[in-house]
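Please find below my notes on the model you asked me to look at. They are set out as numbered points, so that each can be checked separately against the coordinates.

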Amino acid sequence: MTSRRAHGLKLAKLLLAKLLLAKSLLAKSLLAKLLLATMLMAAIAGAAAQNDARADLRRALTEITTEVPLRQSDFKGLSALRDRTETLMAESRELRSESAAELERARTARLEAGKVEGAVERDAAIRAADAVLGSVEAQLREDGKVAAEIEDAWNRITESRRALFSKRLFAYSLSPLSPAFWSELLDRALPQLGDKLADLGAVISADEVFGDWETNVVVVLFLLSTGLAIFWISKRLSRVMLARWHRFAVRADVAPRRRAAVHALIDMTLTVFSIPLIIVLLIVLNESVDFTPGSADSIAFRVLGAIAGYLIGSGVLRAMVAPDDPAHRLLAVSDRTASIVARTGRASILFYAADLIFNEFAIAAHFRVVISEASTMVTVTACCTLLALALIRLSHVEASADTEAMPAATSAIYFSVLTPLVWAVVVASLASVLVGFTALGGFLVGRLIVTGLLLALGWVMLICIDALSITRDDIRRSPRLARLSRTLALQPDALALGSVILSGLLNVVVVAAMVFVVVGPWNLAYGEFNPFRDAFLGYSLADVRNLIGSAGLAAITAIAGVALTRVGTGWLDRQVLPQTRLDAGARYSVITVVTYGGLLVTLLLALSQLGLNPQSLTVVAGALSVGIGFGLQSIVSNFVSGLIVLAERPIRVGDIVSVKGEEGRVKKISVRSTLIATGDRTDLIVPNTDLITSIVRNKTLTDVSQRLRLSMAFEKDTDLGLVRDILIAVSGRHPNVAAEPGPVLLLTKLGESLEVEARVFLLDVALGDATRSELNLVLLEFFRRSGIRLGAGSGA
């Protein structure tokens with residue numbers, strides 16, 4: 001009643017605004033008043049049109065708020081409520097944006113009302129505009145209040161799901177070491193199985209939805225035969241496609257790694273291809289025919305999910321370790337190791353899938369809880385035993401593998417760190433079951449199996465993405481890739497760079513999905529949880545900050561930022577930059593700038609987690625300016641000089657430079673100093689300011705070749721033509737002497753002796769000292785054999 005009265009008062013105010021507006025239209029400036037009236041009427045119409053939507057929103061929110069307490073023990077019900085709440089949140093945001101637009105129109109109308117000519121007419125227009133403006137502002141505040149209530153309801157639902165998950169996960173049950181467990185199982189649960197199954201059969205027989213038995217049997221047989229036919233076709237198609245691919249790979253001389261990657265993708269895709277078709281067929285037929293009652297739907301889909309999980313797991317294991325085909329094995333392990341991993345993985349999946357199906361059936365048949373707990377205990381024990389035996393057997397297998405038989409395999413050294421983790425899960429699962437936390441033990445084992453398979457799938461995808469990326473060498477070797485480059489009108493470098501960047505983006509997507517799989521509480525036994533929507537068990541960033549503190553979150557941000565920076569620069573150094581035409585010095589400059597940029601962004605993000613606004617750093621910068629003026633001036637000067645060196649690149653890594661009387665090769669350029677290695681194996685740390693403000697001789701900036709001068713003196717009766725011939729013959733045989741321009745012999749001084757200078761050009765100035773020594777030794781030997789005597793003042 002109160003709501004209707006408020007709604008009536010609001011309509012009365014709007015009607016009064018219309019009457020006042022109509023009165024103002026009788027005055028002068030009819031066009032301006034007509035414009036004002038149009039704006040006010042638009043605001044009124046917009047507000048009125050949204051009333052029904054707001055009423056529906058409020059009614060739906062009331063229904064959700066009422067249902068939340070009733071769904072405290074129902075995962076699916078809470079998930080459905082959460083989905084409905086998220087829909088309401090989207091509708092609320094849309095209404096608030098519309099109300100904000102109406103508010104802007106009402107404010108514009110209020111400004112126009114103040115421009116109406118005539119005091120009486122202006123006052124009437126202002127009153128009308130104020131009435132509309134007040135109504136829109138009140139509605140906007142009401143929309144904000146409703147949005148806050150919807151968000152609060154969503155938070156309550158999330159907290160309820162989190163609490164229910166924790167309650168079920170850490171629920172205490174009877175321990176198998178307790179006599180009470182066996183008494184409950186043998187004396188009460190098992191004797192009732194016959195009655196429970198009879199009751200389930202009676203329910204199914206009496207269910208009107210189930211329909212005619214003969215029709216349903218035909219539908220089930222048709223469904224099974226269709227599923228088997230699809231699976232057989234997919235397997236047959238997989239064999240044909242793989243055979244054709246192998247013939248093409250041999251004919252086109254495809255690299256082994258790329259050949260194995262495509263083999264794995266074809267095998268997994270066509271093996272799993274039948275699963276979506278069977279699922280869609282089952283859903284469509286069940287919705288149209290409804291051949292299963294409600295209690296049997298979950299069992300049917302659980303069986304289908306178990307089959308899908310086994311096929312996917314088998315495909316992933318076959319792609320990774322390929323126990324029967326080492327040539328297409330993606331992981332460098334021995335045949336014995338591959339066989340153990342494949343058999344243990346498939347057996348664990350079968351045990352776990354069977355337990356899921358049985359538990360779903362136990363729920364439908366209303367078995368006692370102790371039967372489901374016993375099934376979970378058997379599954380946990382079997383899986384842990386399989387994993388423990390596999391780890392023990394793997395420890396006795398030789399780590400070395402025949403790499404020649406596995407040309408496409410990657411190193412498995414990183415997987416060795418998982419062994420302690422698997423042992424920890426096995427011990428924790430068995431201990432949980434023995435002390436009575438059966439659900440926790442089942443969760444740990446299931447999480448290990450499912451997460452391990454999903455991570456293995458992600459690892460296979462990463463290997464395939466890396467193997468299928470195109471490099472410049474691939475384009476030069478493959479005529480097909482060269483034709484593709486010409487067809488796309490792309491330079492080979494551009495095509496290779498685009499391929500590497502695309503593979504990097506795909507790697508980021510796969511790694512992000514793998515991270516969500518790890519941090520999310522996703523598990524087939526608790527399938528109501530979605531890893532992409534329930535990461536960190538539904539905790540938001542604010543909850544994580546409250547849990548570990550701002551300092552902890554800042555530390556995690558800093559560690560993650562540094563790790564991502566290192567990974568990103570490593571990817572640039574190894575994958576992206578080699579596909580460009582940049583030289584080694586330019587690559588180093590790019591990597592250095594990206595490294596410092598990533599560290600700067602990481603620092604800002606970490607400080608923001610501590611509550612420091614980047615704008616507030618200007619105060620710190622102002623305080624540091626005083627210190628810069630006194631003691632930090634040289635440091636800042638070197639820093640700016642380092643940035644100039646990296647940007648202008650007058651000196652690059654690998655250049656041979658002379659600065660302040662010291663000569664050596666540039667090893668590293670940082671933002672403060674430059675590291676130069678001299679010929680006597682000592683390192684010089686040169687401040688970057690010296691490289692900018694002083695004269696620096698860069699012998700390899702534009703050309704790595706350099707002229708080498710050899711000064712010699714001969715007796716005045718020496719045949720210089722013979723000396724020239726010897727010089728040309730000796731220098732022409734040296735690999736570091738350039739043919740063009742050729743060596744020359746110059747007579748530089750006449751006197752008691754003939755002083756000459758031999759000039760040759762070197763291909764690599766870095767080998768100048770060695771080349772000088774080698775030429776001097778060979779020339780001296782030839783001079784002695786030819787009877788040429790050196791005079792006083794000879795020196796090289």
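1. Basis of the note. This is a predicted model, in which local features need pLDDT of at least 70 and side-chain atom pairs count only at pLDDT 80 or more, while totals for chains, interfaces and linings use all residues. Residues are numbered from 1 along each chain as its sequence is written, and side-chain values use heavy atoms, with hydrogens and water left out.

2. Confidence. The mean pLDDT (the predictor's confidence in each residue, from 0 to 100) of the protein chain is 76, and 77% of its residues reach 70 or more.

3. Overall make-up. The protein chain has 23 helices and eight strands, these being DSSP runs numbered from the N terminus (helices H or I, at least four residues; strands E, at least two). Of its 796 residues, 38% count as buried, a class that means under 20% relative accessible area, with exposed over 50% and partly exposed in between (1.4 Å probe, protein chains only). Among contacts in the protein chain with a separation of 6 or more, residues 24 or more positions apart account for 72%.

4. Helices H11 and H12. The axes of helix H11 (residues 369-395) and helix H12 (residues 418-435) come within 10 Å and cross at roughly 150 degrees, which makes H11 roughly antiparallel to H12. Here axes are lines fitted to C-alpha atoms, for helices over the stretch in contact, and angles run from 0 to 180 degrees between N-to-C directions; angles under 35 degrees count as roughly parallel, over 145 as roughly antiparallel, 65 to 115 as roughly perpendicular and the rest as oblique. The crossing of H11 and H12 is left-handed, a term used if the near helix is turned anticlockwise from the far one by less than a right angle, with right-handed used if clockwise. Residues of H11 including Met377, Cys384 and Leu391 meet residues of H12 that include Trp423, Val426 and Val433. By class, the contact of H11 with H12 has 12 nonpolar, three polar and no charged residues, where Ala, Val, Leu, Ile, Met, Phe, Trp, Tyr, Cys and Pro count as nonpolar, Asp, Glu, Lys and Arg as charged, and the others, Gly among them, as polar.

5. Helices H10 and H11. H10 and H11 pack with their axes 10 Å apart, at an angle of about 175 degrees, and are therefore roughly antiparallel to each other. The contact of H10 with H11 has 14 nonpolar, eight polar and four charged residues.

6. Cys383. In helix H11, Cys383 is buried, with a relative accessible area of 0%. Not counting residues up to four places away in sequence, Cys383 touches Ser348, Phe351, Val445 and Ile449. The C-alpha atoms of Cys383 and Val426 are separated by 8.5 Å, although the two are 43 residues apart along the chain.

7. Positive phi values. Ala322, in the loop between helix H9 (294-321) and helix H10 (335-365), has a phi near 40 degrees and counts as buried at 6% relative accessibility. His366, in the loop between H10 and H11, has a phi near 60 degrees and is exposed, with a relative accessible area of 59%.

8. Helices H22 and H23. Helix H22 (residues 720-732) and helix H23 (residues 768-786) pack at an angle of about 140 degrees, with their axes 10 Å apart, and are therefore oblique to each other. H22 passes H23 in a right-handed crossing, and the contact between them has 10 nonpolar, two polar and no charged residues.

9. Ser92. Within helix H3 (residues 75-113), Ser92 is buried, with a relative accessible area of 4%. Leaving aside neighbours within four places in sequence, Ser92 is in contact with Leu57, Asp143, Ala147 and Ile150.

Methods
Contact means heavy atoms within 4.5 Å.
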